[in-house]
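Try each task before you read its solution.

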Amino acid sequence: MTDSIAVHCENLIKRYNDTQAVNQISLDVKTGEILALLGPSGCGKTTTLRLIAGFEKPDSGRIIIGERVVADSITFVPPEKRGIGMVFQDHALFPHLTVFDNVAFGLRGKTKTEIRSIVGEMLHMVGLLSFSKRYPHELSGGERQRVALARALAPKPVLVLMDEPFSSLDADLRTEVREHVRRILKTIQATVVFVTHDQEEALYMGDRLAVLQKGHLEQIGTPEEIFHESTTRFVAEFIGDSDFLKGKIVKGGIQTEIGLIKQLVDLPLATQVEIALRPDDIDFQIDGSGNSLIIERFFRGAFNLYRLRLDSGQILHAFTEHTRILPVGARVQAHVNTDHSLNIFSA
Amino acid sequence: MTPILWGFSILVVIAILLPITYLIIRVMGAGSDAWQGLLRPQMFETIARTAWLAIAVTTVSAFIAVPIAWLTVRTDLPFRKMWAILTPLPLVIPSYVGGYLFASAFGPRGLLQQLLETLFGVTRLPEIYGFPGAMLVLTLLSYPYILLSTRAALSKLDPSLEEASRSLGYGNWSTFWRVTLPLLRPALGAGSLLVALYVLRDFGVVAIMRYSTFTRAIYVSYTSFDRSQAALLSLVVVLVTLVFLFIETRTLSRTKYFQIGTGQARPPALIQLGYWRLPALLFCVTVVFASLILPSGLLIYWLIRGLRAGEVIPSLGLIAWNSISASAIGAIVILLAAIPVVILIVRRPNKATLLLHRITYSTFALPGVVIALALVFFGANHAPWLYQTFPMLLLAYGILFLPQAMGAVRTTLLQISPNVEEAARSLGRHPVQVFFSVTLPLLKSGLIAGASLVFLTIMKELPATLILAPIGFKTLATSIWSAVSEAFFAQAAAPALLIVLMSSLPMAYFILNEKNVE
């Protein structure tokens, strides 16, 4: 992976009537990386993708693909001239064309022999060589997904865009197709921007993640950075389902309802803060005079997820091993048990 | 329950098929002399004329309808919504009313010629009678069939298909030819078939424009007492119609393959017409003017002229009453006949009921002239007591419009889950009680819709009414016809306006509903 920039977006703004779909988004995609645009529905991730593709025109801002300005206040390059390959949410395979013709669709100005060899190569790559004469309606969801990928990759685009590419697949199929697709994209070292609302998928697929909310870019970074060093409360809440516990800065750490958390924070004493706690950060023991009650237990197979209620009414979640089964209603002593630093936000 | 339904359905099938079957058998058994008629040059000419007219009207209609569908659904055409509402409206003009208005304006000694004569001394206009007039009027009246089907397909089309083509390097124009148009092909095919059948069945326009396609040739032979020729022509029409129906079932079964995908997630961005805006607008203005504004204007003109001359027939009330009562009785009887047959088809789907379905639908494409003629033959030879009576006319309406009534009932019945009926059975009701306490109340809205549709179609029907109505029984349609055939254009205006207004009601309802859905 080189560190050259494949896509550069600068202060993108897009409004629809009264809603600000994309508000001052700036981000870079490095050549050969997979960037995941992640956020809840309506956060502007799909609009950002469609701005890069050229299906929408930004109200202001600049987009550069490779060396070329494709959108700014005077330039607008239409999608067909941007050299992109797009995989759509519902695959958008042409129902009137065979698998072969779908993949060959974007290969213009090539001889028949060239087309045959490229399409063959693409179908081989996605493992559908024997399906070339079939029509889209004769394929399963996963097969359609792979044809859509082959069709987008065939013209050797400089940039691959994927709009919720796995959302129309069944859950069990999704994991399998996802692995396959990531392997292919990495083999050909494609530069990819892909949109998802599923944090697990973003963490799995993305070399880097961009978390969006209400048209804003909240944070961009590697999956580890996003997870462990969330810069905003929204990111911490959206990634890893955090609970937020109130605390106060004291000497030597943060005083909370479940005791002193020994983490030094560069804030004045007595500042009110909130600490993002994920279920793996919390542990507890049975204790008749403990600080919380077990109100629910969810068996998740590999582990148990407990829901605890502190005396203040605050809810915390905690993972324990799958063999440790404790009764609902038991009083326990909860405490923070982690060796990494926690995300702190001023309240 | 089932045997009773079957017994009833078989009676219906017999009533529907008997006249046509009788006609076919009689022609077939008429001996080689009659068969010589098939080889007469007149026969070939009729076939060629009909085919030529059908092909021309369908082609020109497609060239009018597809651009309008695309412009009103996908572009920033000025007043897009208004054009979307106005362009299907010519459907409410019955063909003989359209033919009458155009003939009155552009025919010899018509309004245009009179006007040009006072202004410039022009005494002759290019001939409108024959092919040009028939083609022009039929196209203007029937292009909405293609428009509605392609427009529906276009607005259901997944916009990401076109976006995929754009992302693969094709511009707007090549995307239209390579992706959009191929995807519209089934809808275009279905619409074109409707237009071709409309031409094949049409009596009003070809009769007024004096262009002898099958329906006019049959009518002329019949009125000149050359009945064997009329029967022979009818037989050929039946065969041609069967070919069309075969094509239709083939197209329908192929369209299934085109329906994949999850439907559209976002409305597609409107295509900027740029400097094509003006030509596009001009095109819509021309089509709406010729197909809607001009006929309405002419109708109002003739009405005013008729009122001034005191020509509005005093018996209009009686005629309207005849029309309304005949249509109402027809609608109720046909609907009652349709219900048991539809229940059998929908609730007991098997090979036998599928055949029943096919048979009962098969008559929908037949021209009214042919049905009427078959009934005349049958009545004259085997049921003289029925000949030129009201029940005979009702039977003709039944044969012509039962498919329409069945369609309406079937759509509603398919929406009622059989579980609801089974629930009532499990609560201890007898099937007959279930029908009256559960099925019928749920069917009510569909029945009302079906009945009003049949009511209006009967009211507009001309050829069968003309041939079979009891002597002295004049309806709105037949009084327009007789006024027009004697060139009393002003006399035809009032009944024509009544019919157009009546047929506008379901169209208005349809438009309002379509807007609600949006």
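Is Glu10(A) buried, partly exposed or exposed? Glu10(A) counts as partly exposed, because its relative accessibility is 27%. The scale used here calls a residue buried under 20% relative accessible area, exposed over 50%, and partly exposed in between (1.4 Å probe, protein chains only).

A word on conventions before the rest. This is a predicted model, in which local features need pLDDT of at least 70, side-chain atom pairs count only at pLDDT 80 or more, and totals for chains, interfaces and linings use all residues. Residues are numbered from 1 along each chain as its sequence is written, chains are lettered from A and ligands numbered from 1 in the order in which they are written, and side-chain values use heavy atoms, with hydrogens and water left out.

**Exercise 1. Describe chain A as a whole.**

Step 1: take the secondary structure. Chain A has eight helices and 20 strands. Here helices (H or I, at least four residues) and strands (E, at least two) are DSSP runs, numbered from the N terminus.

Step 2: take the dimensions. The C-alpha trace of chain A spans about 80 × 50 × 40 Å along its principal axes.

Step 3: take the burial. Chain A holds 347 residues, and 53% of them count as buried.

**Exercise 2. Find the salt-bridge partner of Glu10(A) and say what the pair connects.**

Step 1: recall the idea. Side chains of opposite charge can pair when their charged atoms come close. The cut-off is a side-chain nitrogen of Lys or Arg within 4 Å of a carboxyl oxygen of Asp or Glu.

Step 2: apply the cut-off. Glu10(A) pairs with Arg62(A), and their closest N and O atoms are 3.3 Å apart.

Step 3: Glu10(A) belongs to strand 1 (residues 5-16) of chain A and Arg62(A) to strand 4 (residues 60-65) of chain A, so the bridge ties together parts that are 52 residues apart in sequence.

Step 4: check the partner's surroundings. Arg62(A) is partly exposed, because its relative accessible area is 31%.

**Exercise 3. Work through two further salt bridges, then a network.**

Step 1: look at Asp207(A) and Lys186(A), whose side chains meet in a salt bridge at 2.6 Å, N to O. Asp207(A) sits in the loop between helix 6 (199-205) and strand 9 (208-213) of chain A, while Lys186(A) is in helix 5 of chain A, 21 residues apart. Asp207(A) counts as buried because its relative accessibility is 18%, whereas Lys186(A), at 29%, counts as partly exposed.

Step 2: turn to Arg307(A), which forms a salt bridge with Glu296(A), the closest N and O atoms lying 3.0 Å apart. Arg307(A) is in strand 17 (residues 303-310) of chain A and Glu296(A) in strand 16 (residues 292-299) of chain A, eleven residues apart. Arg307(A) is partly exposed at 25% relative accessible area, and Glu296(A) is partly exposed at 32%.

Step 3: look for shared partners. Arg50(A), Glu56(A) and Glu163(B) are joined into one network by salt bridges that share partners.

Step 4: count. Over all chains, the total comes to 18 salt bridges.

**Exercise 4. Decide how many disulfides there are over all chains.**

Step 1: set the rule, a pair of cysteine sulfur atoms within 2.5 Å.

Step 2: Cys9(A) is in no disulfide, and the nearest cysteine sulfur, that of Cys43(A), is 14 Å away.

Step 3: check burial. Cys9(A) counts as buried because its relative accessibility is 1%, and Cys284(B) counts as buried at 0%.

**Exercise 5. Compare two C-alpha separations in chain B.**

Step 1: start with Val369(B), found in helix 16 (residues 368-382) of chain B. Val369(B) counts as buried because its relative accessibility is 0%.

Step 2: move to Leu468(B), which lies in helix 20 (residues 463-468) of chain B. Leu468(B) and Leu278(B) are 190 residues apart in sequence and 51 Å apart in space, C-alpha to C-alpha.
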